[in-house]
Amino acid sequence: MGEELAGGVLTPDNAGSEGFQEAALAVVGLQEMLGCFVEIILSATDASEGSLMLLHEGSELLTITSASGLGREIVEGTRRHLGEGISGWVAKHKEPLLLVGPIEDARFSGVGRGIKDALCVPLMNGDDVIGVLSVSNRRGDERFTEEDLRRLVELSKPAARMIVLTLAQREADAESRAWERKQLAQEIHDGPMQDLSSVILLMELYKRVMQDDAERAEHELSRAREQALDCLQELRHFAYDLRLTDLEKLSLLDELRRYTVEFQKRTGISVDLKVDGLSREIPVGVKKNLYRIAQEALTNVRRHAKASEVKILLHCTKDQLEMRVQDNGRGFTLQDALERAQSEKRFGLLGMQERAYLMGGSLETETAPGQGTTLKVVLPL
Ligand SMILES: Nc1ncnc2c1ncn2[C@@H]1O[C@H](COP(=O)(O)OP(=O)(O)O)[C@@H](O)[C@H]1O
Ligand SMILES: [Mg+2]
């Protein structure tokens, strides 16, 4: 790979500055980023071979993460414990090394013979070593100099920062996936599992009354059927949502249209979706949270409102996205419902509020018995 990366031309001269970080960030993935980086240090030092080794946490073992000019066997097979060989020595002592001439230094336990010259510097994160950067065999007749070593030390700093950042980002992604799984478990518990419990209760009731009260039995049976259908519908949504992984590509408007058309068909409640000013790109986090809020709001309308109509209005301005969900149903007393929800561990209303707060926005519910319900969400852009 050359020195020209998406996001800017990278030269050995600007590699230690902002240019490197910007260009590096534009490259997808740590592996590719490090591959580019090894090419840069080779070109900056005129070396014919180079590698970047990372120290595996806990095991004190260095392995090659990225290399240039080295055979596959070396790349895949090289393992150095702290203190072992040249790279192990550098990682252990946290000191850069310039080696010139046939390398027969007893410090490196015989490793490095056959190398004309080499530079090796530690990759530092504060006081901790996270890896080692090495180049060897300078092209032509010249040998590496102290000046080359100094350049490599300078280049190692942004590289170490990028590695630390990328690894931290990966950890954060894993954490957020874990959070989503927990969330899903909670939703399955609150939704389909509750529904199925009611189905079982209704069936038991049916069994008890079927001998003596055919009319009541008939009624309980049809309620059980309704609940089972609800449960099936909800599971269908889960299955659909689990496939909705590519949120970057998701159009909020398309998804809302699809959802509301399907909602209307399924519930018989008419939905009027109006959109105003939604021409710009919406950040993924906003899209995802707004979509989930709309879903929960409509689920509440279906379950509790006894409404015949819902109006959804999306209004987007330069710096915020507002959504109103208004039903013409029976309304409720907000404070009572919130207290009840808290004690019964129902997190619909509270969850919507939390999502809005997390995004730096707000959620208001306007309602009273007999007056319908209007939910207003504002998310900053
Ligand atoms: N649109 C609505 N119309 C009427 N009542 C509602 C509406 N939304 C919520 N509620 C009331 O608020 C309560 C709490 O809602 P929520 O927190 O979503 O829990 P859940 O839907 O699991 O009961 C509901 O049980 C219901 O009494
Ligand atoms: Mg709810």
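Predicted model: local features only at pLDDT ≥ 70, side-chain atom pairs only at ≥ 80, totals over all residues.
**Exercise 1. Which protein atoms are donors of the magnesium ion (ligand 2), and where do their residues lie?**

Step 1: Look for protein donors around the ion. These are E296 through OE and N300 through OD1, at 2.1 to 2.2 Å.

Step 2: Check accessibility. N300 has a relative accessible area of 18%, so it is buried, the cut-off being under 20%. E296, at 23%, is partly exposed.

**Exercise 2. What is the N to O distance in the salt bridge of D148 with R138, and are the partners buried or exposed?**

Step 1: Take the closest N and O atoms of the pair; they are 2.7 Å apart.

Step 2: Locate the ends. The pair links distant parts of the chain, with D148 in helix α5 (residues 146–209) and R138 in strand β8 (residues 128–138), 10 residues apart.

Step 3: Compare with the cut-off for buried, under 20%. D148 has 7% relative accessibility and is buried; R138, at 14%, is buried too.

**Exercise 3. How far apart along helix α5 are K157 and E154?**

Step 1: Start from the contact: K157 and E154 form a salt bridge whose closest N and O atoms are 3.0 Å apart.

Step 2: Count along the helix. The two are 3 residues apart in α5, so about one helical turn lies between them.

Step 3: K157 is partly exposed at 40%, and E154 is partly exposed at 39%.

Definitions and conventions: Residues numbered from 1 in each chain as written. Chains lettered and ligands numbered in written order. Heavy atoms only, no water. Donors = N, O, S within 2.8 Å, 3.2 Å for Na, K, Ca; no water. Buried < 20%, exposed > 50% of the residue type's maximum accessible area, 1.4 Å probe, protein only. Salt bridge = Lys/Arg side-chain N within 4 Å of Asp/Glu carboxyl O. Helix = DSSP H or I, 4+ residues; strand = E, 2+ residues; numbered from the N terminus.
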